[in-house]
Amino acid sequence: MKIGVSACLLGDSVTWKGSHNESLILKELLKDHEIIKVCPEVLAGLSIPRNPSEIISFQPLIIKDNKNNDVSNEFKNGALYALDQLNDIDFVILKANSPSCGNQQVYDGTFSHRLVEGKGVFADLLFKKGIIVFNENQIDEIKKCLEKG
C-alpha cells in the first residue's frame, strides 16, 4: 500500500518547536509499505522552529500564530503543496490536533491548549477529496485498513 504520513510522526524535526512526534508503533506498522512523508507547514515555507499557530475561525478560515500574525495563506498553500505529493495514495496518517493535520480535533484558537471538534486545513482538503485520513492515535483503525489491503 502507498500511505501518506506526517513527517513529524516518522521522526523528522519539523514541528513548530523544531522537534518531532515520532511514533515507533506507526513506523513498525508501516515498515512494509510505501511511505510518502509530508509536512504542509514546511512545504508552505514556514520556518523550523516557528511560532505556534491555531485556527481562529473556520468560516472564513483564519489562522494566526501566537504573535497575532495571519498565516492563513501559508496553511492553505501548504495543504495544496502537500496534496500534490500524494498521488495514488491509499490513505493518510496525520498528526492529531494540528491546525494543518488534525483530523478530528484542533486547538480552539485561544492558545490555551483547549481542543474543539474540527479538521486542520490539510486534513479537511483530503476529506473533501475523498482520501481516508487517520491520526496517530487510531492504531486499530489503521491496522484494519492495512489488513484490507
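Q: What do the side chains of Lys128 and Asp124 do?
A: They meet in a salt bridge, 2.9 Å from N to O. A salt bridge here is a side-chain nitrogen of Lys or Arg within 4 Å of a carboxyl oxygen of Asp or Glu. This is a predicted model: local features need pLDDT of at least 70, side-chain atom pairs count only at pLDDT 80 or more, and totals for chains, interfaces and linings use all residues. Residues are numbered from 1 along each chain as its sequence is written, and side-chain values use heavy atoms, with hydrogens and water left out.

Q: How are Lys128 and Asp124 placed in helix α4?
A: They are separated by about one helical turn, because they sit 4 residues apart in helix α4 (residues 121-128). Helices are DSSP runs (H or I, at least four residues) and strands are too (E, at least two), numbered from the N terminus.

Q: And is Lys128 buried or exposed?
A: Lys128 is exposed, at 65% relative accessible area, while Asp124 is partly exposed at 25%. The cut-offs are under 20% for buried, over 50% for exposed and partly exposed in between (1.4 Å probe, protein chains only).

Q: How many salt bridges are there by this rule?
A: The count comes to 7. Among them, Glu136 pairs with Lys95, with the closest N and O atoms 2.5 Å apart. That pair links distant parts of the chain, 41 residues apart: Glu136 is in the loop between β8 (133-135) and α5 (139-148), and Lys95 is in the loop between β5 (91-94) and β6 (105-107).

Q: Nice! Are Glu136 and Lys95 buried or exposed?
A: Both Glu136 and Lys95 are buried.

Q: What about Arg114, which partner does it have?
A: Arg114 forms a salt bridge with Asp108, the closest N and O atoms being 3.1 Å apart. Arg114 is partly exposed, at 49% relative accessibility.

Q: Switching topic: where is Ser98?
A: Ser98 is in the loop between β5 and β6, and it is buried, with a relative accessible area of 12%.

Q: What does Ser98 touch?
A: Not counting residues up to four places away in sequence, Ser98 touches Glu41, Val106 and Gly120; contact means heavy atoms within 4.5 Å. A polar atom of the Ser98 side chain also lies 3.0 Å from the backbone nitrogen of Ser100, and one lies 3.0 Å from the backbone nitrogen of Cys101.

Terms used: A polar contact is a pair of N or O atoms within 3.5 Å; within protein, one must be able to donate a hydrogen and the other to accept it, and residues adjacent in sequence count only if both atoms are side-chain atoms.
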